[in-house]
Every structure is written in C-alpha cells, then in structure tokens.
Amino acid sequence: MPSRSILFAFLIAFVFLASLCPAADKKQFSDAIAAVDANLKTPAGKQYDERIGKEFSDKYMSTLKQCKQSLPAGTTIDSFDMFLKLNAEGKVLEGLVHPETQFSVCVRTALLAGKFSNPPHGDYWINIHMDLKH
C-alpha cells in the first residue's frame, strides 16, 4: 500500500491533469480528489483505504486479466488512476479514470457493477492507482 505522501503526490498530479480536462470533467475530478483527500485524513478513512487495497486485489484481479486479454495484441498498458464513488453498502455508484484508455475504461466499466465492503459513510470516494507491470 502506498504511503500517504505518495498518495498526496498523486492527488497533486491529478489536480494538474484534471486542469487539462474539459470543465465538467475538471470539476468531477476535483471533487473526487478533494473527497479522497478528506477521507484519508480520518482514522476510519486510513483503515478503509488499507482494507480496499487488499480487497481490490482479492476480488478484481480476474477483472484486470479479462480486460487485458480483451486488448489487441501488443497494446501497452499504462498506469492510471481510478476514482470510485461508493454508497453506504459499498456498491459502486460512479467511476472516473485518468487517462482514459481502452484498458482503463474496460476496468472502470466492469467495476461499475462492483461492490466493496461498507465504507465509513455513503457517497464515499476511493482512489485506486493502477501501475501494472507488463
């Protein structure tokens, strides 16, 4: 699990990247980044972040493999960040990815039907940074 300072660096980079997006997307990313940052400042948020890291790999590794297999041969998979908004029961309500690639969009689409353990509260944003080795 990345350290908080690494996550903060990703958030700062995302603020910059979001500034390159159209206005509606910029606001969505900005709001998601602010919510993730606020969540990580609480003890419950830190605990939940650790749980999600393990839960994601346990539950969704097969999804990543399926998305990878759906790509044309020779397609490179770049790192990306995914922001997921969860309801109080852990169901994914919304998903944002940056950058949008065939792979990241496939993962986001699959996770829109996903469910995680119950977050500390409803409308809870999480960030999953994907840096897959080829």
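1. The largest cavity is lined by V36, N39, L40, G45, Y48, D49, Y124, W125, I126 and N127. On a 1 Å grid over the protein atoms alone, a cavity is a set of points where a 1.4 Å probe fits but cannot get out, and lining residues have an atom within 4 Å of a point.

2. The model is predicted: local features need pLDDT of at least 70 and side-chain atom pairs count only at pLDDT 80 or more, while totals for chains, interfaces and linings use all residues. Residues are numbered from 1 along each chain as its sequence is written, and side-chain values use heavy atoms, leaving out hydrogens and water.

3. Helix α2 (23–40), α3 and strand β3 (124–130) each supply at least two residues of this lining; β3 gives the largest share, 4 residues. Helices (H or I, at least four residues) and strands (E, at least two) are DSSP runs, numbered from the N terminus.

4. About 60 Å³ of space lies in the largest cavity, and a search of the whole structure finds 1 cavity of 30 Å³ or more. Such a volume is the space filled by probe spheres set on the points, which are joined across faces, edges and corners.

5. Helices α3 (residues 43–69) and α4 (residues 102–111) pack at an angle of about 130°, with axes 9 Å apart. Helix α3 is therefore oblique to α4; angles under 35 degrees count as roughly parallel, over 145 as roughly antiparallel, 65 to 115 as roughly perpendicular and the rest as oblique.

6. In this pairing, F56, Y60, T63, L64, C67 and K68 of α3 meet F103, C106, V107, A110 and L111 of α4, contact meaning heavy atoms within 4.5 Å.

Key. Axes fitted to C-alpha atoms, helices over the stretch in contact; angles between N-to-C directions. 1 Å grid on protein atoms, 1.4 Å probe; cavity = no way out; pocket = protein on both sides within 12 Å on 5 of 7 lines; lining within 4 Å.
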